[in-house]
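Colleague: I would like to go through the terms used for this model one by one. Please set each value against its definition.

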Amino acid sequence: MREHDSFGPATMRRGRRKFDDDEPDFLKRGRLEPRLAEDPDLPDVGDAWSTWDGALHGPLPRPDWVRTESGAVDTELGMLKTGKEADVFLVRRAVPATGQVSMIAAKRYRDGDHRLFHRDAGYLEGRRVRRSREMRAMTNRTAFGKELIAGQWAAAEFGALSRLWQVGQEGGTISVPYPVQLMGTELMLEFIGNWETGEAAPRLAQVRADRDVLEDLWAQMVDALSVLARSQLAHGDLSPYNTLVHEGRLVLIDLPQVVDVIANPQGGEFLARDVRNVAAWFTSRGLTIDTAEVIERLSYEAGLL
């Protein structure tokens, strides 16, 4: 993995960039507050101290670019994307004493008053919480219930990324961003793109490629879908707009709505819809794909047939 030994030129201007990502027990964290020079609790550089020590961490073995040092500081460089469920910001986490840097996408889910999780009831089927009071609150969409749902979405994405990243490291047939940490409704994950310029990797929908490249990307997509199916999961909202292409590698992102295809009564339909969505994009660019055969094979691998 990458290792930066200086702060480098990644001084992205504030504003929107091209990046797509369309447990309540932790402290909620919002946008980094501007630093005040007279505040003795703030670092000499950057916006705030790293929150690594107070967060839930990603899986081991940890990539060597992840900054775990107590003296690390976070600097917010701008917004990568705003969406219905969450906003994503680019954060530079650096160790001033050594010059080591990592670039992180900080995905912050909206609070209960502003969240617009679409069609969340279908995705949440099969997910359960231990306490009946919490389950009732989520079912009735009370203010408390909405906060629990936000926590579940963040935790579900963190869990799915952790699981799939480990599978990818072992087998290499699926790529997802490394989940750095989770704190409340903020998920910090590996920034996929150019760490020097702050330019995010393009979405699959933006890629213009010849037939050989398209065939390779489709083969990578089928491999990734197969890994999901054998893990008894469906992405739940897979499309060319939440898939990145970085240095020829297909990277799946935006997994808060990940579906357990066995526990969820609609699991098979979510799996089939994922396949149809991405297959349609590839067929529109000239590839011949037997979508029904792919769905049948993945359903078998998932244990649905």
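Modeller: Buried means under 20% relative accessible area, exposed means over 50%, and partly exposed lies in between, with a 1.4 Å probe and protein chains only. This is a predicted model, in which local features need pLDDT of at least 70 and side-chain atom pairs count only at pLDDT 80 or more, while totals for chains, interfaces and linings use all residues. Residues are numbered from 1 along each chain as its sequence is written, and side-chain values use heavy atoms, with hydrogens and water left out.

Colleague: Why does S102 count as buried?

Modeller: S102 has 1% relative accessibility. The cut-off is under 20%, so S102 counts as buried. S102 lies in strand 5 (residues 100–109); strands here are DSSP runs of E with at least two residues, helices are runs of H or I with at least four, and both are numbered from the N terminus.

Colleague: What does S102 touch?

Modeller: Leaving out residues up to four places away in sequence, S102 touches W65, R67, V91, R92, R93 and W195. Contact means heavy atoms within 4.5 Å.

Colleague: Why is R249 called partly exposed?

Modeller: The relative accessibility of R249 is 29%. That value falls between the 20% and 50% limits, so R249 counts as partly exposed. R249 is in strand 12 (residues 249–252) and, neighbours within four places in sequence aside, is in contact with S175, Q220 and L244. R249 and L217 are 32 residues apart in sequence, with 7.8 Å from C-alpha to C-alpha.

Colleague: What makes strand 3 largely enclosed by the rest of the structure?

Modeller: Strand 3 (residues 73–82) has ten residues, and eight of them are buried, so the strand is largely enclosed.

Colleague: What makes strand 1 and strand 2 edge strands?

Modeller: The open sheet has seven strands in the order 1-3-4-5-7-6-2, with antiparallel pairing. Strand 1 and strand 2 (56–57) each pair on one side only.

Colleague: Why is helix 4 called roughly antiparallel to helix 5?

Modeller: Helix 4 and helix 5 (residues 267–283) pack at about 175°, with axes 11 Å apart. Angles under 35 degrees count as roughly parallel, over 145 as roughly antiparallel, 65 to 115 as roughly perpendicular and the rest as oblique, so this pair is roughly antiparallel. Axes are lines fitted to C-alpha atoms, for helices over the stretch in contact, and angles run from 0 to 180 degrees between N-to-C directions.

Colleague: Which residues of helix 4 meet helix 5?

Modeller: They are L214, L217, W218, M221, L225 and A229. The contact of helix 4 with helix 5 has twelve nonpolar, no polar and one charged residue. Ala, Val, Leu, Ile, Met, Phe, Trp, Tyr, Cys and Pro count as nonpolar, Asp, Glu, Lys and Arg as charged, and the others, Gly among them, as polar.

Notes
Two strands pair if DSSP finds at least two bridges between them.
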